[in-house]
Amino acid sequence: MAVVTEQQETRPPGSSPARPPGSSPARPPDVDTGFWLWIASLPLMVAGYVIDVVAAEPRASLFVLAINGVFLVILAAVVVAFLILMRYGYRWARTCLTGGAIASVAFTVSSLLTVERPVGFAVGYAVSAIFGSVLVVGGVFLLHRGEANAFFTSAPPR
């Protein structure tokens, strides 16, 4: 009776198996985590914007509120689309999201420090804006770490 034993390759614990040449790399956990941080921050940032528009003095007309609502829905849809494309490895989507993150955090910080709101609105805006900004910055940080950066800069070009 013959005993057949398989040759097992030795690799460090926690490493992934070798990929075939020319295949795209597997998505690193940092990309997935950054994606979910962005997804979690989106409703918080939207809520902060809604609070800011509603609390604005003088009160906006219904038409202006409707235009703001349409703008907000379109912008949120674009961000979600870019997030999905980023998760699939499109480097330009990560670049656009990084630029949007810088702009939104800068706007949030300036709005927190300069705009006066009634107390209830101020607390709601501060909580949603601060938590949303922290999540966005965390997502951007993770998307630019080593493994994630290699995922976005690997061939084939994205």
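**Entry 1: helix H5**

I began with one side of helix H5, where I found Gly-146 and Glu-147 exposed; exposed means over 50% relative accessible area, buried under 20%, and partly exposed in between, with a 1.4 Å probe and protein chains only. Helices here are DSSP runs of H or I of at least four residues, strands are runs of E of at least two, and both are numbered from the N terminus. This is a predicted model, in which local features need pLDDT of at least 70 and side-chain atom pairs count only at pLDDT 80 or more, while totals for chains, interfaces and linings use all residues. I also noted that residues are numbered from 1 along each chain as its sequence is written, and that side-chain values use heavy atoms, without hydrogens and water.

Which residues of H5 (146-153) are buried? I found Ala-148, Phe-151 and Phe-152. Down the axis of H5 they fall within an arc of 90 degrees, so they line one face of the helix; the arc is taken from the directions from the helix axis to the C-beta atoms. An α-helix has 3.6 residues a turn, so residues three or four places apart point the same way. I saw the buried residues of H5 pack against H1 (29-54), H2, H3 and H4 (119-143).

Leaving aside neighbours within four places in sequence, I listed the contacts (heavy atoms within 4.5 Å) of Met-86, among them Val-31, Leu-97, Leu-143, Phe-151 and Phe-152.

**Entry 2: Asn-68**

Asn-68 sits in H2 (residues 62-87). Beyond its neighbours within four places in sequence, I found Asn-68 in contact with Tyr-49 and Val-53.

**Entry 3: Tyr-88**

Is Tyr-88 buried or exposed? I read a relative accessible area of 59%, so Tyr-88 is exposed. Tyr-88 lies in the loop between H2 and H3 (91-114).

**Entry 4: the whole protein**

Last, I counted five helices and zero strands. Of the 158 residues, 28% are buried. Among contacts between residues at least 6 apart in sequence, 76% join residues at least 24 apart.
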